[in-house]
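My entries follow in the order I looked things up.

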Amino acid sequence: SFQFVAYGDARFTNPAIVAPSNPEIRRALVNQIASIKPSFILFSGDLVLQGDNPADWAVWDAETKAWADARLPVFPAIGNHELYKDPIAGLRNYFKRFPELKNSCYYSMRAGSTLTLVLDSSQDETTGAQGQWLASQLDHLPDDVAFVFFLLHHPPYTNSKEPMFGGGHSTRAREQALAKMLEERQLKTRPHFIVFSGHVHNYERNEHHGVTYIVTGGGGATPYSVSRKPGDGYRQPGITYHYCVVRVEDTKLELDMMKLEMRNMQPYFVRADSVVIISAPAPPAKAASAN
């Protein structure tokens, strides 16, 4: 068994610049995550405000020092802000912090009974080289995998909309195509699919055709409002700075969304959403036959 954290959209930048990102919130989340000592962190993109700005990455280095000191592995997805304003310089700064990725914008990672597939949503996820890689990964899932996590920046489902007051993001066609493909595969796949995304600066949890979708973009960037619907897994209104802590034990997964509230100028974390997911057990191993 192990636990990990999933969240994103912190937009680390000069602490004096508070409009695009709240430095107090960023630091409170980083310190809280470091204190629970997860096995690793899945970061759903927008690590920094401006990817080509070395000064923003220096703030990332300084403000996440607690993670480095605790030797917490961070597995990121590329967000649109990593590619802003100069994508080449942005990726150079990004891969400098994550040399183990070997300049790959999409990759896989195994942990216990889980497989994580990290996607680059600046590229089409279901076509081209990335689409072929994703299909191959799903065609050859190991027998001992109970959960497949997909980590990407842009959400396949969200109730956020571009013209909403205070800002928002609508779902794009390419992520809708990804959701359709995953849901079709989920019907004939034993491991449970769970999609972690960001881009929308709030929290959402939904299930569509057996696939669980988590929007976890409450890492400190300017908060967005989300229109909640009766069928949503999470229906609380308002700002939701947060992180998700996920505990996995074989075929059982427990996810808690820990919401950050400031009380008397001090950070306070409350469990605002929780879900338990049970995956189907692995098939029994075939006994070897002797001639």
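**Entry 1: β7 and its partner**

I started at I194 and found T212 in β9 standing opposite. This is a predicted model, so I read local features only where pLDDT is at least 70. Strand β7 covers residues 192-197, and β9 covers residues 211-216. The two strands pair in the parallel sense, over 4 bridges.

Next I looked up the whole sheet. I found 6 strands in an open sheet, ordered β4-β5-β6-β7-β9-β8. The pairing is mixed. Which strands stand at the edges? They are β4 (107-111) and β8 (203-208). Each has a single partner strand, so one side of each is left without a neighbour in the sheet. I noted an average twist of 20° from one strand to the next.

**Entry 2**

I moved to β4 and β5, which pair in the antiparallel sense over 5 bridges. A111 has T114 of β5 as its bridge partner. The hairpin of these strands has 2 residues between them, and G112 takes a positive phi near 55° there.

Y107, M109 and A111 make up the covered face. S108 and R110 make up the uncovered one.

Helix α5 (residues 128-139) lies across β4, β5 (114-118), β6 (147-151) and β7. I read its angle to β5 as about 170°.

**Entry 3: helix α1**

I tested the length of α1, residues 23-36. At 1.5 Å a residue, its 14 residues should span 20 Å. The end C-alpha atoms are 20 Å apart, which agrees.

I looked at both ends. At the N-terminal end N22 is the cap, with a side-chain oxygen 3.0 Å from the backbone nitrogen of E24. After the helix comes K37, whose phi is positive, near 55°.

Which residues of α1 are buried? I listed P23, I25, R26, A28, L29, V30, I33 and A34.

**Entry 4: the core**

I looked up the largest nonpolar core and found 82 residues in it. Those with the most contacts inside it are F4, W60, W67 and F196. Helix α1 gives the largest share of this core, 6 residues. Nonpolar side chains tend to be buried together in soluble globular proteins.

**Entry 5: helix α4**

I turned to α4, residues 87-97. Its buried residues are A89, G90, N93, Y94 and F95. What do they pack against? I found α2 (54-63) and β3 (74-76). The N-terminal cap is D86, whose side-chain oxygen lies 3.1 Å from the backbone nitrogen of I88.

**Entry 6: H192**

I found H192 in strand β7. Is it buried or exposed? At 13% relative accessibility, H192 counts as buried, because the cut-off for buried is under 20%.

I checked its surroundings beyond four places in sequence. H192 touches A146, F147, V148, Q186, G210, T212, I277 and S279. I also looked at A280, which is 88 residues from H192 in sequence. Their C-alpha atoms are 7.8 Å apart.

**Entry 7: H199 and H153**

I ended with two loop histidines. H199 sits in the loop between β7 and β8. H153 sits in the loop between β6 and α6 (173-186). H199 is buried, with a relative accessible area of 8%. H153 is also buried, with 0%.

What joins their side chains? I found a polar contact of 3.0 Å. H199 makes another side-chain polar contact, with H169, at 3.3 Å.

For H153 I noted a polar contact of 2.9 Å with the side chain of N80. The side chain of H153 also reaches the backbone oxygen of S44 at 2.8 Å.

I then listed what each touches, leaving out residues up to four places away in sequence. H199 touches D9, N80, H153, H154, P155, H169 and Y224. Contacts of H153 include D9, S44, G45, D46 and N80. S121, S197, G198 and H199 are among them too.

Notes. Residues numbered from 1 in each chain as written. Predicted model: local features only at pLDDT ≥ 70, side-chain atom pairs only at ≥ 80, totals over all residues. Heavy atoms only, no water. Pairing = 2+ DSSP bridges. Axes fitted to C-alpha atoms, helices over the stretch in contact; angles between N-to-C directions. Contact = heavy atoms within 4.5 Å. Expected span 1.5 Å × (residues − 1). Buried < 20%, exposed > 50% of the residue type's maximum accessible area, 1.4 Å probe, protein only. Polar contact = N/O pair within 3.5 Å; in protein donor to acceptor, adjacent residues only side chain to side chain. Core = buried A, V, L, I, M, F, W, Y, C linked by side-chain atoms within 4.5 Å.
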